[in-house]
Amino acid sequence: MEDVLYLTLLIIAVAFALTVVFIVIVLHRFTKLLRTAGSTLGQVETDMQQTIPELQNTLHQTQVTVDDIGEKLQATDSLFDTAENLGHSVNHINQVIQKTKPTLTSNELEEETKLYVEGIRWSAAASYLYKQWKGANTAAKKTSDSIDQTGKEG
């Protein structure tokens, strides 16, 4: 019986030794995994430190672009208002002509619409002058911007 007991203890000792070896192997692999993950996270942190300022710069440039687009859209509002007013004027002229055409002679009709035609001419002239003025201001601004950017003034 004693031999069976020793044999059983030997089997238990071998099983325990195999279990310890298996646990050591698993812990060693887990340690390697943690080291790799640590180095990867360190590299990610470095990459993020480089990427975040670039993203902030991109967001700032985007905000400047959006603001510029907003200003340019506001500048076109007057043009569309002028076009709307011109459309109302033409519509009003058309209504006057339709109402008075049967009763007026061609000279009387021309006299009635003369004021509206002059208004349209002056509107076109004002629009032309505004475009010329806006183009001159834009060209002057581009010239001054290019001088500021070169750093060679003075």
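Isoleucine 11 counts as exposed because its relative accessibility is 54%, and the cut-off for exposed is over 50%. Please keep in mind that this is a predicted model.

Where does isoleucine 11 sit? This residue is found in helix H1, which covers residues 2-100.

Now to the aromatic side chains. How many aromatic pairs does a search of the whole structure find? The search finds one. Its partners are tyrosine 130 and tryptophan 133, in a tilted arrangement with 6.0 Å centre to centre and 40° between the planes. Both residues lie in helix H2 (residues 106-150), three residues apart, or about one turn of the helix.

Here are the two residues with an accessibility value, side by side:

| Residue | Relative accessibility | Class |
|---|---|---|
| Isoleucine 11 | 54% | exposed |
| Tyrosine 130 | 35% | partly exposed |

Tyrosine 130 counts as partly exposed because 35% falls between the limits of 20% and 50%.

The elements that give two or more residues to the lining are H1 and H2. Which element gives the most? That is H2, with six residues.

Definitions and conventions: Residues are numbered from 1 along each chain as its sequence is written. This is a predicted model: local features need pLDDT of at least 70, side-chain atom pairs count only at pLDDT 80 or more; totals for chains, interfaces and linings use all residues. Side-chain values use heavy atoms; hydrogens and water are left out. Helices (H or I, at least four residues) and strands (E, at least two) are DSSP runs, numbered from the N terminus. Buried means under 20% relative accessible area, exposed over 50%, partly exposed in between (1.4 Å probe, protein chains only). Rings of Phe, Tyr and Trp (its six-membered ring) pair if their centres lie within 6.5 Å; planes under 30 degrees apart count as stacked, over 60 as edge-to-face and the rest as tilted.
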